[in-house]
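Welcome to a short tour of this model. Have a look at the sequence and structure below, and then we can walk through the parts together.

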Amino acid sequence: MEPKIGVYICHCGSNIAGTVDVEKVAEYAKSLPSVVVARDYKFMCSDPGQDLIKKDIKELGVNRVVVASCSPQMHEPTFRRAVQDGGLNPYYFEMANIREHCSWVTESRKEATDKAKALVSAAVRRVFYHQPLENKEVPVHPDTLIVGGGIAGIQAALEIANSGHKVYLVEREPSIGGHMMQLDKTFPTLDCSACILTPKMSMVGAHPQIELLAYCEVDNVSGYVGNFRVKIRKKARYVDTTKCNGCGTCVTKCPVKVDSEFDEKLSKRKAIYTPFAQAVPNVTTIDRAHCTYFLKGKCRACEKFCERNAINFEQEDEIIDVEVGNIILTTGYKIFDPSVIKEYGYGRYDNVLTSLEFERMVNSAGPTTGHIQLKNGQEPQSIAIIHCVGSRDEKYHEYCSRVCCMYAMKFSHLLIEHVHGARVYEFYIDIRSFGKGYEEFYNRVQKEGTVFFRGRPGEVTDVAQTPEEKGKLIVQFEDTLVGKQRRQPVDMVVLCSGIEPQADAADVAHKFNISCGKENFFTEKHPKLDPVATMTDGIFIAGCCQGPRDIPDTVAQASAAAARVLALINKGKVEIEADTAFIDEAKCSGCRICNLMCPYNAISYIEKDKVSRINEALCKGCGTCVAACPSNAITHKHFTNDEINAEIEGILV
Amino acid sequence: MGDNAQTTFLDEVAALPACDKINQCIQCGVCSGSCTTAMHWEYPPRKVIAMVRSGLKDELLKSNSIWFCVSCYLCTTRCPLDIKPASIVHGLESIALKEGYKPPTTTTTMYRTFSESIVNNGRIYEFGFMFKYYLQTNPLAALKMLPTALKLLVHRRLPLTPKRVKGKADLRIIIDKLSAGVGK
């Protein structure tokens, strides 16, 4: 079929036409080889603009289309669709960027017009060699894997399960619930955190469509969107979960005491334990690292007293294979450890606490049954709450942790409520009360008597300079609104520790083939327009693993990620773009250089044929293997040597 | 574009060595909160930076602030934006001296007599420099220091003659090269 090229020069209002002489370029295009029609129009992306193309295909037999307009990032899909609607293969289309690469980068009319002509000439020569490629379709497996059983994972799991599709919810701790389970009341409504979370946890535990895999971790992931294969390790609890009914007898009999992670080490748990009373699943777990039987071969008291014979010391980790179509990562956060900030005295002084420690203390189900107390058991009369600990600081984390201003105010409210006559001083730099009801909560807390001092403290010290300061912790700071350095003696200091990604975030990202940012938060596809997708199709993220956020936003993101997954499941198939690479196996020497070069792990070596083969579904068309192949055996569809050379010739002519 | 005098002073200070980040200050107050001598400053370190940004050159350089910096560097270690308030303050000291502001403290005399002693001898000559310092500032105060001086003498900690280094001429060359381009 002889190529008949139609060229369309867009004015883009005055964006292009204001600098480029579009009529001259259209006239020039008419003179180019194989061009049968060249037009210029105000807005090619509009319906009438697209109709121009379709009309010419129908009436003039145009079978190759060039549009000279904006960046392909903007409208390549638009024009490909228009060409397809006109009856042609969408890959018979080429775009010349005469806006971002031309009219927007110079003020010289002559230079812009000359460059536009060159770009159009290049596109015309290139499109001559375009082939009718077909997008590949792969089916989407309807099951979903969600990694992380905090509020984000729980929300996403329920959304998907409620639509009738199966979810595997993997959580590495013995119970789901995450950090939200540790909180007392939540801002700004002062809802009891456990009261709003546990119903959702129960629903997850009971849902017929959710396979809850608690005390499990993902070992390995392979595959691509719609078709992931995941190896999940079910860690040995040494307790038969089909028999254990959570009665807790074993826990009372266990002689070993260990610092409780859930209580931030403010209390002890046993070597056989459930992390908290409302655990889902409600079964115990033996902590092998502290169990007397595993350490010394003695005891086995739990086994002796278990009426259901649920203890099994011979249990081993079990690996299961699971197939899913999509994955949502909701692995959450950990809190910044302020021991590195020596001047605040965490770990040195009694009565300097992190925010999570304070949450456990103020929680009525916590280590002190909700009594705020100093190390010596007395109630503090004055408390300092220091904002921005480990955040907004180039030495630790440059970012703002978003939730600390609000939880600091919440602490203050709870302190004034729990401790009669308590005086609370908040040391802040800025107040970030951005959400619904947040500013109102700030006003309420001030009305209740909290005193806000603007000034990031220089240090917390116990060296008294006056008799009033004896026995106290003194916060030394500049009261910036007054303009003087002052000292504020208090009984207790609470540090608003910032939010950080989990310690193994970088490893998890690597495992799932997604990226991490500078601070190890998972990287979203686009920070504004695509916050729950990643650059890896089929893998989504939600909640604090993507960046610090509060519960309302986490839940919103989890629902968003679930919606994205459901969209893919509903469609049932996924289109893979055709501009992938393929290997001419006759030319392939089996050197395997391409295997290592591929950033998407899309190339595998086929042992029996002694050649490499590209998985088109994983291939993103980056071109690395094409350039690397020493035998010239790899072709990049839509970016063949002919096409690229023609484009270069067109510019040089 | 705004008041020209404002941008000039800020630009002037930002151009000083190690002072380029002054514009990033979020006025958190950690510098003032950590400063070991803050109670003596008319305007604590944070305010000094704010005044530079607002172009309040006269008010600032006429005050006693900046002259109390003892270079403990607590401000610099703790600043969350990696700004160096100590460098800014010392930079302001040189601007003040260059432009003839009379500092309301004897600190400058101390600096000058101290460095002259080193330049002349290659080493600090405590007795000589202290003698000159008190002569130029407050001779009667020297009498109050007499008991301490005698104690030091007895314990052989106050040499009465200077110890000079060998390469004094070489030292002179280095000092001259460094002083070139810097106002006296």
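Predicted model: local features only at pLDDT ≥ 70, side-chain atom pairs only at ≥ 80, totals over all residues.

## Domains of chain B

## Domains of chain A

For chain A, the assignment gives domain 1 (5-133), domain 2 (144-235 + 317-332 + 502-571), domain 3 (249-305), domain 4 (334-500) and domain 5 (581-637). Between the centres of domain 1 of chain A and domain 2 of chain A, again over C-alpha atoms, there are 44 Å.

## Where the chains meet

How many residues of chain A are in contact with chain B? There are 17, and they meet 19 residues of chain B. Strand 25 of chain A (residues 473-479) supplies the largest share of the chain A side, with three residues. By class, that side of chain A holds eight charged, six polar and three nonpolar residues.

## A helix pair in chain A

Two packed helices are described by the angle and the distance between their axes. In chain A, the axes of helix 1 (residues 22-30) and helix 5 (residues 109-127) come within 10 Å and cross at roughly 35 degrees. The crossing of helix 1 of chain A with helix 5 of chain A is right-handed.

From helix 1 of chain A, the contact involves A:Lys24, A:Val25, A:Tyr28 and A:Ala29. Helix 5 of chain A contributes A:Thr113, A:Ala116, A:Lys117, A:Val120 and A:Val124. Sorted by class, this contact has six nonpolar, two charged and one polar residues.

Methods. Residues numbered from 1 in each chain as written. Chains lettered and ligands numbered in written order. Contact = placed C-beta atoms within 7 Å. Helix = DSSP H or I, 4+ residues; strand = E, 2+ residues; numbered from the N terminus. Nonpolar A, V, L, I, M, F, W, Y, C, P; charged D, E, K, R; others polar. Domains from an automatic or database assignment. Axes fitted to C-alpha atoms, helices over the stretch in contact; angles between N-to-C directions. Left-handed = near helix turned anticlockwise from the far one by under 90°.
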